[in-house]
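Good morning, colleagues. I would like to take a few minutes to present one structure. Please have the sequence and the model in view.

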Amino acid sequence: TIPGNTGTTGLLAGGGFDLLLAQIVGVVGVGLWSAATCGVMFYVLKRTVGLRVTPQEEIEGLDFGEHGAVAYPDLLPGAEAPVAAVPAGAIGSPSQA
């Protein structure tokens with residue numbers, strides 16, 4: 001046997017499904033624990049501080065409500081897209097055309 005090995009062999013080494021089954025049980029156990037823990041956590045959050053913003057904030061977006069500024073002013077209805085200033089003499093500037 002290899003030093004440090006307990007003598008167990010896996011599926012591909014002819015040891016059968018025992019180690020694979022142990023791994024599957026572990027993965028399912030961790031999945032169930034995580035789902036239960038998250039379920040309890042989100043239930044407590046929902047009942048205390050809430051998980052959603054107000055309907056008005058959903059419509060307006062959270063950029064202004066959270067940060068006090070509009071993140072994408074060019075996407076607002078009726079707003080014109082900002083025009084980037086091109087320095088004179090730059091490649092592609094009107095004076096080069």
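Let me begin with H1: its 31 residues should span 45 Å at 1.5 Å a residue, and the end C-alpha atoms are 45 Å apart, which agrees. The expected span here is 1.5 Å times one less than the number of residues in the helix.

This is a predicted model, in which local features need pLDDT of at least 70 and side-chain atom pairs count only at pLDDT 80 or more, while totals for chains, interfaces and linings use all residues. Residues are numbered from 1 along each chain as its sequence is written, and side-chain values use heavy atoms, with hydrogens and water left out.

The protein chain holds three helices and zero strands, in the order α-α-α from the N terminus. These are DSSP runs numbered from the N terminus, helices being H or I with at least four residues and strands E with at least two.

On confidence, pLDDT is the predictor's own score for each residue, from 0 to 100. The chain has a mean of 80, and 76% of its residues reach 70 or more.

How much of the chain is buried? Of its 97 residues, 1% are buried, meaning under 20% relative accessible area, with exposed over 50% and partly exposed in between (1.4 Å probe, protein chains only). The chain exposes about 8,600 Å², and carbon and sulfur atoms supply 67% of that area.

Leucine 11 lies in the segment before H1 and counts as partly exposed, because its relative accessibility is 39%.

Just after H1, glycine 50 adopts a positive phi of about 85°.

Which side chains meet in a salt bridge? They are those of arginine 52 and glutamate 58, at 2.4 Å, N to O. The criterion is a side-chain nitrogen of Lys or Arg within 4 Å of a carboxyl oxygen of Asp or Glu, and a search of the whole structure finds one such bridge. Arginine 52 is exposed at 66% relative accessibility, whereas glutamate 58 is partly exposed at 43%.

Finally, alanine 71 sits in the segment after H3. Its C-alpha atom is 9.7 Å from that of glycine 61, 10 residues apart along the chain.

Conventions:
Accessible areas come from the Shrake-Rupley method with a 1.4 Å probe; for residues, only the protein chains shown count as cover.
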